Amino acid sequence: MQQRLGKGWRGPQGAPGGLKTPYARRPWRPPWHDGARLLAGMATLGGWRGMLRRLRLSEDEALRLAVRADLNGTELLDELYVAGLVPEDALYRALADEIGLAFEPATPSGALVLRDRELLMLLSRPRGQLHVRTDAGGPPGVLLSSTRLNPGEARRRFDGRADLVSRLRLVAPGSLRAALLDLARRLLLDEALRGLFAARPDLSARQGATSWQGLTLGLLLIGGPVAYALAPGITVWSAFVVITAMFFMCVGLRLAALTQAHPADPRPPAVATARALPVYTILIALHSEAEIIDDLFDALARIVWPRSKLEIKFVCEADDAPTLAAIARQRLRPWMEIIRVPPCQPRTKPKALAFALPAVGGELVALYDAEDRPHPMQLLEAWQRFRDGDERLACVQAPLVVANAAAGALPRMFQMEYALHFNGILPWLSRHGLSFPLGGTSNHFRRRALIAVGGWDPYNVTEDADLGTRFARFGYRCETITCPTLEDAPDEVGVWLRQRTRWFKGWIQTWFVHMRRPARFYREVGAASFIAVQVMFAGMIASALAHPVLLASIAYLGAKLGWAGTLDGGDAVLLALALFNMVLGYGSFLALGLRCLDKADRRGFWKNAALTPAYWLLMSAAALRACWQICWWPHYWEKTPHKRHAGTEGETGSPHARFRRSPRPPQPAGPRVSFR
């Protein structure tokens, strides 16, 4: 009998160690009917009986842990460690007494003897067994940290080896890990700030436009007014041709996506065994998020993955006292860790992630934001996609769903925009093997591929868009999955405008970075992906900037027509061209949005149509702000504040209800491990 996760598996609820979620209904029953597994668990306990007496754990509790270890393909000590039934120090002090080693209650980082390469290697290992040399002023020794020791086997191994025992000291994994992070702080910061720039300066946004890019931009800015003064008619016609081409590229992409677009439809992952699952790391970059930490922990509690194969790392600025205090008020489990990033410029999310990346131990890495509520089965679907794909599959993107569309006009439009982007455009690009910009969250990476391309660029304010393009340049590909993540969209114009400005500024950064050597970029990604990048970055920015020009042209020429009653041939063609662009632009936007929204979310769609011109004008304002900021504050990160979300999944609108329509996620069998 193997523990199964996925479609058709009905997991326990209420078992010691089961997650507290609204999805489980049936009471848990231990698998005592499986005689082979029960015998395996009893055999595992053979060398543990003395240890169990020291910890005052019943044999029944220990047997359940042993069965769970057999199900997950882990060790009993690992399951006991993550279960949190015994405080970490007490657990390892008892283990040290049982096997006859000295216990080290505190690990000063200055006493560790490690080269930089060894330090990074130890940080990148998942939980397991670590040996670190130490020199605290006395005789040199070795610190041992392990979640794999069997007390009986360890006693036999150390019996009669007094020299070895005198040099070994057992230390709790959390204590040693904290010392390693403290020792590596300067090394990690230097790698985060300079790693990509040192290895591939042509792919870093640390430097702005190249000389030829700056010259071209300057010629356009100066040459445009001069050309209009010398030949206004030709200049206006040329501008309209360029604007029309930009609009047509964006319209063409939307129409192409329309042929295969559909509303979000989470597909339950296939049956999987827990033993086959790898270690998964979840990274969450936090800054000024104290208000929503409770919501974050509630959302993470629903994720289905064996806790003995899970790492959750909260990446925080070291001087963000309110957020750190809010996390400290939670009960941090052994699979959770706070990584404190030394405060320095640039203060960006990708810098924090780049700092944390060398300390990641999982084979797969998921990235979430503080306000996210991911589908419980999302990790499982992502892992199965990686398992079934080849090594060139570097990342899978989960769809983002706006959950607060009822909060106002902005969230309503944001909901439609997210729907057409994550249910229409990105899946179409993925199906055709084309490069696409990742969303800023709910990305799932192969760690090897992420490191191979240089990780996150700390100087790019849309690190997601840059990373998706960089994967394509290195020969990797990205795909999309179906299990969504809920988010709340900004409901205030100021907050929305600052967020969208950062997005547009990052797209401009990304376009300039990858177009430094256009011919090389073209050779690396191919013609189709090269065009896709032009549409997704240059086309979207240019369209946003051109939108008010078209509206002004329509207003001016329409007023002229109304006043004079007629237009000359050139003006009539310009008016027709401007109207044609606007009708196609609005029409393709609304048609794709309608196709990608749930049936329930389509109610009142006339409001979306009525709001579209104003919403596009807001995007134009954000694009203008982005152009200003790219000149003066290219690496400035405009933080988006988040609020506690209202309601509970399944009770407030169709995005939440979608979770309830999905199969009830299973809970891992075995002892109780309450996430909170």
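I began my notes at Asp202, which is partly exposed with a relative accessible area of 23% (buried means under 20%, exposed over 50%, partly exposed in between, with a 1.4 Å probe and protein chains only). Before going on, I noted that this is a predicted model, where local features need pLDDT of at least 70, side-chain atom pairs count only at pLDDT 80 or more, and totals for chains, interfaces and linings use all residues. Residues are numbered from 1 along each chain as its sequence is written, and side-chain values use heavy atoms, with hydrogens and water left out.

**Salt bridges**

I looked up the partner of Asp202 and found Arg200, joined through a salt bridge of 2.8 Å, N to O (a side-chain nitrogen of Lys or Arg within 4 Å of a carboxyl oxygen of Asp or Glu). Arg200 is partly exposed too, at 22% relative accessibility.

I then searched the whole structure and got 34 salt bridges. One of them links Glu317 and Lys351, with the closest N and O atoms 3.8 Å apart. Glu317 sits in strand β8 (residues 310–317) and Lys351 in helix α15 (residues 349–356), so this pair ties together parts that are 34 residues apart in sequence. Glu317 and Lys351 are both buried. Salt bridges with shared partners also join Arg200, Asp202, Arg473, Arg520 and Glu524 into one network.

I checked Lys313 as well: its salt bridge goes to Glu311, at 3.7 Å between the closest N and O atoms. Both of these residues are buried.

**Whole chain**

I counted 24 helices and 16 strands (DSSP runs numbered from the N terminus: H or I of at least four residues for helices, E of at least two for strands). Of the 676 residues, 57% are buried. I also looked at contacts (heavy atoms within 4.5 Å): among those between residues at least 6 apart in sequence, 80% join residues at least 24 apart.

I traced an open sheet of three strands in the order β11-β16-β13, with mixed pairing (strands pair if DSSP finds at least two bridges between them). Its edge strands are β11 (373–374) and β13 (400–402), each pairing on one side only. I followed β13 to β16 (residues 485–487) and found parallel pairing over three bridges, with Leu400 opposite Thr485.

**Surface**

My last stop was Ile222, which lies in helix α11 (residues 211–230). Ile222 is exposed, at 61% relative accessibility.
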